[in-house]
Amino acid sequence: MCQLLGMNCATPTDITFSFTGFAARGGGTDHHADGFGIAFYENRGSRCFLDNAPCCRSPVAELIKHYPIKSRNVIAHIRKATQGALELENCHPFVREHWGRHWLFAHNGDLKDFDPALRGDYLPMGQTDSERAFCFMMEGLRMRFGMAEPDDARLFEAVADMTQELTRYGVFNFLLSNGRCLMAHCSTQLHYITRAWPFHAAHLIDADMTVDFARTHAEGDRVSVITTRPLTDNETWTRFQPGELMLFADGEPRLRQRIDIPEDIQRANWQNLACA
């Protein structure tokens, strides 16, 4: 399975610390070596970096580790291919435009026999089930709301409805953002931590690196980091429940809903997790 990393903040923050540990899992401390991507929001637009080389050896990843881009919403993904060739167009996160802003999506899982009849508003460039799911969700939002952009509560409700439908096809851990908020859904494995004042030091699991956030953050800062597996070994991470969908805004969880996963899919999900 792939690996996910997301960050939602109250004030623009860089992700170099978390990404350093995360990048090591792309063929270094873990076996996910089929490409990676990371995207940073800047207002309504995004800055996206992709590479189909293993993240642990990618010059693009090295750039990101030493380039402190500050953003309020970030999504990163390390790929372990299940569908689609090892090409750039199959690397996450995927980007689409709607309501005058970029949307970002990254998926960890495998949706079996998922081939929706898309209208053509959004079409995949690659061959992954992940990008098809993203296009399906974007078309769903367009059909539901037209050109009137919804508030976070109505957006969350719509995403929950589509997630309910998509979980019937298999493992559907994902991160989705419009630059205003970040949503995360867990089918099998996802964790988060919210850091706020007073900040403390954190030490990475996958690299011998420690940062004292009390030296780099102010009292009004607040940061939530969402990832497949915890990145640090001296902090308490919260594990998502299977089926849990959460919306993060201004650096903290704001909305949550438990979505039922069909029993046969749930059994298969945990079998996949045990083999990962």
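**View 1. Strands S8 and S14 pair in the antiparallel sense.** Strand S8 covers residues 182-185, strand S14 residues 244-249, and four bridges link the two. Strands here are DSSP E runs of at least two residues, and helices are H or I runs of at least four, both numbered from the N terminus. Two strands count as paired if DSSP finds at least two bridges between them. Alanine 184 is the residue opposite methionine 246 of S14. This is a predicted model, in which local features need pLDDT of at least 70 and side-chain atom pairs count only at pLDDT 80 or more, while totals for chains, interfaces and linings use all residues. Residues are numbered from 1 along each chain as its sequence is written, and side-chain values use heavy atoms, with hydrogens and water left out.

**View 2. Six strands make an open, antiparallel sheet.** The order is S5-S6-S7-S8-S14-S15. Strands S5 (94-98) and S15 (252-258) are the edges; each has a single partner strand, so one side of each lacks a neighbour in the sheet. On average, neighbouring strands of this sheet are turned by 20° against each other, direction ignored. Axes are lines fitted to C-alpha atoms, for helices over the stretch in contact, and angles run from 0 to 180 degrees between N-to-C directions.

View 3. Contact means heavy atoms within 4.5 Å.

**View 4. Seven strands form an open sheet with antiparallel pairing.** Their order is S3-S2-S4-S1-S12-S9-S13. Strands S3 (45-51) and S13 (238-239) are the edge strands, each pairing on one side only. Helix H1 (residues 16-24) packs on this sheet and touches S1, S2 (36-42), S4 (71-78), S9 and S12. Its direction makes about 175° with that of S1.

**View 5. Strand S12 is largely enclosed by the rest of the structure, because five of its six residues are buried.** Buried means under 20% relative accessible area, with a 1.4 Å probe and protein chains only. Strand S12 covers residues 222-227. Strand S1 (residues 3-13) pairs with S12 in the antiparallel sense over five bridges. Cysteine 9 sits opposite valine 223 of S12. Strand S9 (residues 191-196) also pairs with S12 in the antiparallel sense, over six bridges. There, arginine 222 in S12 is the bridge partner of alanine 196.

How values were computed:
Buried < 20%, exposed > 50% of the residue type's maximum accessible area, 1.4 Å probe, protein only.
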